Amino acid sequence: MQSLSQKEYKNEFVSAFDGDDSGDLKPRQTPGVLYSKTVPTPVKKPEVLAWSEELAQELGIEKPTDQKDVDVLGGNHVAPSMYPYAACYAGHQFGNWAGQLGDGRAITLGEWEAPDGKSWELQLKGAGMTPYSRRADGRAVLRSSVREYLMSEAMHYLGVPTTRALSLVSTGDQVLRDMFYNGNPGYEPGAIVMRVAPSFLRFGSFEMPAARRENENLRKLVDWTIDRYYPHLQGEGRILAWFKEIMEKTALLMVDWMRVGFVHGVMNTDNMSILGLTIDYGPYSFLDDYDPDFTPNTTDLPGRRYAFGKQANIAYWNLGCLASAIAPLLEGTEELVAILETYPDFFHGKYYAMMGDKLGLDQVQATDQELITRFTQTLYTLNLDMTIFFQLLIDLPQEVGTEEDVVAHFQPSFYRDLEKGERAMLLSLITDYAARLSANTGPREAAAQKMRKANPRFILRNYLLHQAIEELEKGENQLFLKLQAALKDPYSRNHDEFFAKRPDWASQKAGCSMLSCSS
Ligand SMILES: Nc1ncnc2c1ncn2[C@@H]1O[C@H](COP(=O)(O)OP(=O)(O)OP(=O)(O)O)[C@@H](O)[C@H]1O
C-alpha cells in the first residue's frame with residue numbers, strides 16, 4: 001500500500017505526446033497538442049466525505065491519514081512526480097459537431113501503477129479551471145459529485161464496465177450555478193470526485209486530431225492506444241481489428257445498460273469511452289416504469305435523442321463518427337464500413353441472449369424473439385416497474401393460476417390499476433412464458449439462478465439519490481451510507497428496505513426523475 005502523496009507516479013501519456021506545457025489556464029484553442037498542463041486550483045477546506053476502500057485495496061492506495069493525502073484528493077497538493085494535465089478532445093453533441101471541447105473540469109494527475117502491474121489514471125473532476133473550461137468555472141457541485149461517485153461504483157458492482165470513483169471530497173467553497181446548468185440559480189456546496197480508469201480517452205479524443213487534419217498526431221494516438229490497451233492486436237490490419245473490438249465492446253455496453261435499465265442521458269461522442277466503459281455520470285437514471293422513450297435529461301426532451309430505447313442506435317451513430325475519424329489512416333474505407341455494418345446483427349444477437357438470461361431461458365431460439373418483444377411491450381403498455389417485475393418473475397410459482405393470481409403476484413410492480421384488457425394481456429404473456437420455461441432442458445432452479453444473476457434487485461433510483469443528497473447538504477450521511485452498502489450487493493435480498501417502486505411524490509419532483517445536462 002502506498003500513499004497518494006508519496007507515490008512515484010508515471011506519466012506515459014504525457015511522455016508519448018506533445019502537449020502545451022505553458023500551464024496557462026486561459027480558455028483557448030490548442031491545435032497541435034493532445035493535452036495542456038493544468039495545475040488544480042486549490043480549494044478552501046478539502047474534507048473526505050466518502051472513500052472506496054475495496055477499490056483502494058485493489059489499487060494499493062493507502063487511505064488518507066494525513067492532510068497531504070487529503071490535499072491530493074482536493075487538488076491542493078500535487079505530488080512531485082505528477083504531471084497534471086487536461087486532455088484536449090472534441091465531440092458531436094446532440095448530433096452536431098461541437099469542435100474542441102476538452103477536459104473543462106477534469107484534471108488527470110498521473111498514472112498509478114497497482115500491485116498487479118495494471119496502470120490507472122487518477123483524475124480529479126471539479127478541480128478548477130483548465131484551458132478547456134470555455135465559459136464555465138471548472139467546478140462541480142456536491143449534488144452532481146455524489147451522483148457520479150455513487151453511480152459509477154454502483155455500475156461496477158452491477159457488472160457493467162465503468163470508470164470508478166475513489167473518493168468524494170467537499171471543498172468548503174460555494175459554487176454558483178446559474179440557469180445554464182440546472183435552471184436553479186444560487187450557490188451550492190462544491191465537491192471533487194477522484195475517478196480512476198485505465199484510460200479516459202474518448203471517441204472525441206480521436207475526432208479532434210482528425211478534424212484538425214493532424215494526421216501524424218492521429219496516427220500516433222491510435223498506435224499508442226492499441227499498443228497500450230489492445231496489445232494483442234499486432235501487424236497489418238490492426239486498426240480495423242481494433243475498431244471491430246471497440247464496436248463490440250460498445251455494443252456489449254449497450255446490452256448491459258438495457259439489462260439493468262440504465263439511461264445515460266448524454267451520449268455525445270465525447271462521452272463514449274475508447275475502452276467501452278460507462279463514462280460521465282450526468283443526468284442519468286435507471287428506469288422506474290419501463291419506457292423506451294424515457295430520457296432523464298431535460299435538455300434532451302424535445303428530441304429524446306438519448307432515450308433509453310434509442311441508446312443502441314445512438315452508439316451505432318457514434319461509432320460512425322469514430323470510423324470517420326480514423327478513416328484517414330486507412331487505404332480505403334470499404335472494410336471499415338463493412339465492420340461498422342455488422343453492428344446491428346452483433347448487437348441484436350447479444351441483446352436477445354441477454355434477455356434470454358433475464359427470463360431464465362436456457363437457450364434462446366429464433367422463436368423466442370417474439371416472446372421477448374411481448375415482454376417489453378407489456379412492460380411498456382402496462383407501465384410496470386422494470387426491476388421489480390423481473391424480480392417477481394423469478395418467484396413465479398410453477399402453476400401460473402388464474403388471472404387474479406397473476407395480477408396479485410405482479411401487483412408490487414404496478415404504478416396504476418390495470419384495465420380489463422391489460423390484465424388479460426399480462427395473463428396471456430405469463431401463461432405462454434411458463435410454457436416456454438417448462439421447455440427448458442435444465443431444471444427450474446437453474447433458470448432461477450440465471451435470472452438472479454441477470455436481474456438486479458437493488459438499483460440506485462434517482463429519488464433515493466436525491467434524498468441522500470438533501471441529507472448530506474444538511475450534514476447527515478445515514479442514507480448515503482446505506483446506499484453505499486446496498487450498491488455493493490445489488491443482486492441479493494440483503495437490502496430489501498429499498499425494494500420498492502418510486503413513490504408518487506417523486507415522479508414530478510425536480511432531481512428525482514428529470515435532471516439537466518451538467519452541474
Ligand atoms: N463546470 C464546468 N466547467 C468547465 N467545463 C465544464 C463544466 N461542466 C462541463 N464542462 C465541459 O463541457 C463539456 C461537456 O460536458 P459534460 O457534461 O459532457 O462533461 P463533464 O460532466 O464535465 O465531464 P466528463 O465527460 O469528463 O465526465 C466537457 O468539455 C466538460 O469538461
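A residue is called buried if 20 or more other C-beta atoms lie within 10 Å of its own, exposed if 12 or fewer do, and partly exposed in between, with C-beta atoms placed from the backbone. The model is predicted: local features need pLDDT of at least 70, side-chain atom pairs count only at pLDDT 80 or more, and totals for chains, interfaces and linings use all residues. Residues are numbered from 1 along each chain as its sequence is written.

I start with Ala307. Because Ala307 has 20 C-beta neighbours inside 10 Å, it counts as buried. Ala307 sits in the loop between β12 (285-286) and α9 (311-326); helices (H or I, at least four residues) and strands (E, at least two) are DSSP runs, numbered from the N terminus. Setting aside residues up to four places away in sequence, Ala307 touches Pro292, Asp293, Phe294 and Thr295. Contact means that the C-beta atoms of two residues, placed from the backbone, lie within 7 Å.

Next, helix α6. How many of the nine residues of α6 are buried? Eight are, so the helix, residues 203-211, is largely enclosed by the rest of the structure. The cover over its buried residues includes β3 (85-87), β4 (90-93) and α9. Just after α6, Arg213 has a positive phi of about 55°.

Last, the record. An unreviewed UniProt entry annotates Asn271 and Asp280 as "binding site"; UniProt positions follow the numbering used here, feature names are shortened, and annotations may be inferred rather than shown by experiment. Asn271 counts as buried because it has 21 C-beta neighbours inside 10 Å. Asp280 counts as buried because it has 23. Beyond neighbours within four places in sequence, Asp280 is in contact with Val266 and Asn271.
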